[in-house]
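Subject: A structure for you to explore

Hi there,

Here is the structure I promised to pass on to you. Have a look around it, and then read my notes below.

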Amino acid sequence: MDIIQILTDELGIKRWQTEKAVELYDEGNTIPFIARYRKEATGSLDDVQLRKLVERLDYLRRFEERREEIRAAIEGQGKLTPEISAALDAATTLNELEDVYLPFKQKRKTRASVARERGLEPLALLIFACEKHYAPSIAEAANAFVDPEKEVPDAESALAGACDIIAEEIAQNATYRKVIREGSVRLGELVSTAAKDEDSVYAQYYDYAEPVSRVRPHRYLAIARGEREDFLRVSLRVPEETVYAYLEREIITEKESEAAPLLRETIKDAYKRLIAPAIEREIRADLLEVASDGAIGVFTQNLRGLLMQPPVGGRVVMGYDPGYRTGCKLAVVDSTGKVLETAVIYPTKPYEKIAESRKKVCELIRRHHVGVIAIGNGTASRESEQFIADTIKTLSDDVKYVVVSEAGASVYSASKLGAEEFPDFDVTERSAVSIARRLIDPLAELVKIEPRAIGVGQYQHDMKPQKLDAALGGVVEDCVNSVGVELNTASYSLLSYVAGISAACAKNIVKYREEHGAFRSREELKKVSRLGDRVYEQCAGFLRVSGSDEILDCTGVHPESYAAARGLLAMFDYTEDDVRALRLGGLRAKLERAGKEKVAERLNIGEPTLEDICTELEKPGRDIREGLPKPVLREDVMRLEDLKEGMELSGTVRNVVDFGAFVDIGVHQDGLLHISEIADRYIKHPSEVLSVGDVVHVRVKSVDPVKKRIALTMRAAKE
């Protein structure tokens with residue numbers, strides 16, 4: 001197997017790109033480092049392409065290892081033939097590999113193995129030969145195998161045991177299994193029926209059948225969950241007569257043979273008892289894997305959109321964690337995330353101390369010049385939103401609010417990290433801080449929470465945890481490194497996602513910072529315990545030191561390219577002071593006139609690196625999230641009852657799923673944009689148009705106040 005060529009074909013790139021990417025990965029380089037600082041080597045493959053490549057590379061290598069394990073196992077039994085070796089080489093899936101290995105596996109006791117122990121294999125070979133004429137007859141031949149001591153009391157028992165051997169041989173034939181598997185996928189139907197006489201969210205699948213080849217991933221995940229929860233019975237329906245006809249053509253060479261009727265019955269037994277259950281398990285496992293991969297893909301896209309939300313910079317934020325009996329917790333946080341003050345108010349049931357609560361909120365707003373209130377969307381959120389909307393109307397200050405997803409906030413609040421950050425706060429106070437910080441810098445706050453707890457996925461609890469965590473961890477890593485991290489303020493949880501930095505190393509960085517004060521340069525990182533040259537190479541470019549005397553330490557320029565950056569400045573008569581004063585507006589124009597290729601050659605770097613250096617010098621310390629749409633800030637609350645068909649609104653995409661997207665339009669109930677209502681053209685998946693965090697203009701299509709359902713559309717209104 002030419003793994004490099006397979007990867008090249010699947011990713012649609014050039015072979016040299018694949019070879020270099022694999023080489024860099026095998027040398028221990030991280031994906032963010034390769035994507036950002038080895039563009040010339042890989043032809044500018046981005047982090048998404050590189051993650052796909054690495055994931056597939058690891059799978060193909062495991063596949064090759066399994067192939068050789070099977071080959072060695074069969075050879076160890078002295079049964080490896082050129083034909084078997086060729087079949088192993090021809091296998092392209094794990095199922096095909098295991099089919100070849102199946103006859104050689106050490107098995108538990110089966111009906112066929114018992115029959116072999118009773119000496120019935122010669123009779124099985126006689127029947128399987130399917131000759132036109134037998135002398136003596138098969139029935140007479142069976143008499144020779146009668147042996148009460150071996151528990152073969154009569155000819156009928158001997159024939160039954162022989163047929164068990166034949167059935168197992170048929171079931172273990174790799175060619176038969178491959179053809180039947182492919183036919184079952186092509187012609188089979190997935191069927192589900194009600195397992196109990198009870199209404200449920202799975203009612204639409206109580207009488208359901210759909211061709212296997214057309215089952216949508218999200219539908220299969222729903223059906224599989226319904227089966228696990230005992231609401232559904234699920235099976236695979238395959239046209240059995242088609243299977244029998246195929247096997248008979250392959251096995252019964254003489255249709256008029258005395259053995260033919262026996263073989264026909266044995267074929268049915270082999271299929272129903274041995275082949276069909278195994279094939280169904282394999283097909284359903286494949287459906288689950290495809291559906292899981294699709295769901296993980298959607299989750300990762302949503303997570304990327306959420307993490308890359310632009311910070312609401314330069315404002316003091318009040319975090320508001322709603323509640324009933326225990327009150328609503330407030331935390332005022334400055335623009336750097338520092339907690340200024342906390343409080344508890346009781347504007348909701350059962351206390352409803354509205355006047356007292358309003359007074360406290362107004363005091364905090366005036367004392368700390370709060371600009372935005374971030375309200376968690378959990379319990380008592382609706383009442384809290386109304387309370388805040390009414391409260392800010394009484395103020396002359398320009399204060400707005402936004403409802404923030406608090407998914408995972410309780411996880412952080414009760415975590416060891418939460419306790420370390422705020423040892424004197426209770427869990428609800430920590431939650432209010434987390435809600436506020438999610439608005440100030442979503443990325444820095446959300447990395448403290450296990451990604452799957454953030455709640456922007458679909459059926460994430462049905463995924464294989466290891467695979468889901470790897471995919472989501474990769475997204476967090478890519479987001480953190482693409483934005484960059486301020487070395488002197490980052491928590492160790494944020495630092496641990498920087499390329500090359502382990503959790504232990506991140507803690508060492510924080511410890512060094514606590515003992516020696518703020519880092520004065522990137523170079524000082526090398527003094528941190530267990531942060532050697534290799535780790536420094538991988539992480540340095542992604543860490544910013546805003547107080548450094550070296551202006552390039554504040555940019556995404558890697559230390560290995562500092563000489564080239566200085567050479568570029570000198571070439572066009574700029575100084576580092578010009579970089580600090582943001583006086584490099586004309587650099588790109590000068591570079592274009594001089595010719596990028598010539599300049600890159602003079603500086604001994606590639607054009608992609610030159611382009612990146614130029615971008616960083618023009619806007620040192622820039623945040624790539626600046627150009628993304630900001631959260632929709634509100635002054636007043638709308639109710640579901642206020643919505644009318646045809647009403648046009650702005651909203652924020654909260655979640656993207658296979659069948660559409662959920663949009664927050666400010667009524668405390670997300671509206672559904674069905675996939676058919678997202679665009680005037682056909683789209684295969686909502687993610688082609690929408691991402692989590694997008695601010696969109698929608699029109700209300702319908703409202704169901706009883707079921708609290710809102711249907712939205714982005715399609716152009718018909719005249």
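Gly-319 has Ala-331 as its bridge partner in strand E5. Before I go on, please note that this is a predicted model, where local features need pLDDT of at least 70, side-chain atom pairs count only at pLDDT 80 or more, and totals for chains, interfaces and linings use all residues. Residues are numbered from 1 along each chain as its sequence is written, and side-chain values use heavy atoms, with hydrogens and water left out.

A word on the labels: helices (H or I, at least four residues) and strands (E, at least two) are DSSP runs, numbered from the N terminus. Two strands count as paired if DSSP finds at least two bridges between them. Strands of a sheet pair through backbone hydrogen bonds, either parallel or antiparallel.

Strand E4 (residues 316-321) and E5 run antiparallel and are joined by five bridges. The two form a hairpin with six residues between them, and Gly-327 in the turn has a positive phi of about 85 degrees.

Is E5 buried or exposed? Six of the six residues of E5 (residues 328-333) are buried, so this strand is largely enclosed by the rest of the structure. (Buried means under 20% relative accessible area, exposed over 50%, and partly exposed in between, with a 1.4 Å probe and protein chains only.) In a regular strand the side chains alternate between the two faces of the sheet. In E5 both faces are covered: Cys-328, Leu-330 and Val-332 are buried on one side, and Lys-329, Ala-331 and Val-333 on the other.

**An open sheet**

Three strands make an open sheet in the order E2-E1-E3, with antiparallel pairing. Strand E2 (207-211) and strand E3 (232-237) are the edge strands, each pairing on one side only. On average, neighbouring strands of this sheet are turned by 15 degrees against each other, direction ignored. Strand E1 (residues 189-194) and E2 are joined by five bridges, and Ser-192 has Tyr-208 in E2 as its bridge partner.

**Two helix pairs**

Helix H15 (residues 260-307) packs against helix H22 (residues 465-483) at an angle of about 25 degrees, with the axes 10 Å apart. Axes are lines fitted to C-alpha atoms, for helices over the stretch in contact, and angles run from 0 to 180 degrees between N-to-C directions. H15 and H22 are therefore roughly parallel to each other; angles under 35 degrees count as roughly parallel, over 145 as roughly antiparallel, 65 to 115 as roughly perpendicular and the rest as oblique.

The axes of helix H1 (residues 3-11) and helix H2 (residues 15-26) come within 9 Å and cross at roughly 115 degrees. Ile-4, Gln-5, Leu-7 and Thr-8 of H1 meet Arg-15, Thr-18, Glu-19 and Val-22 of H2.

Most residues other than glycine have a negative phi, and most peptide bonds are trans. Which residues are joined by a cis peptide bond? They are Lys-349 and Pro-350, with omega about 5 degrees. Pro-350 sits in the loop between E6 and helix H16 (354-368).

His-369 is not a glycine, yet has a positive phi of about 55 degrees. His-369 lies in the loop between H16 and strand E7 (370-376) and is exposed, with a relative accessible area of 62%. Lys-708 also has a positive phi, near 55 degrees. Lys-708 belongs to the loop between strand E14 (695-704) and strand E15 (709-713) and is exposed at 52%.

**One last residue**

Arg-634 is in the loop between helix H30 (607-618) and strand E11 (648-657) and counts as buried at 17% relative accessibility. The C-alpha atoms of Arg-634 and Tyr-401 are separated by 5.3 Å, although these residues are 233 apart along the chain. Not counting residues up to four places away in sequence, Arg-634 touches several residues, including Ile-392, Tyr-401 and Asp-664.

Enjoy exploring!

Terms used: Contact = heavy atoms within 4.5 Å.
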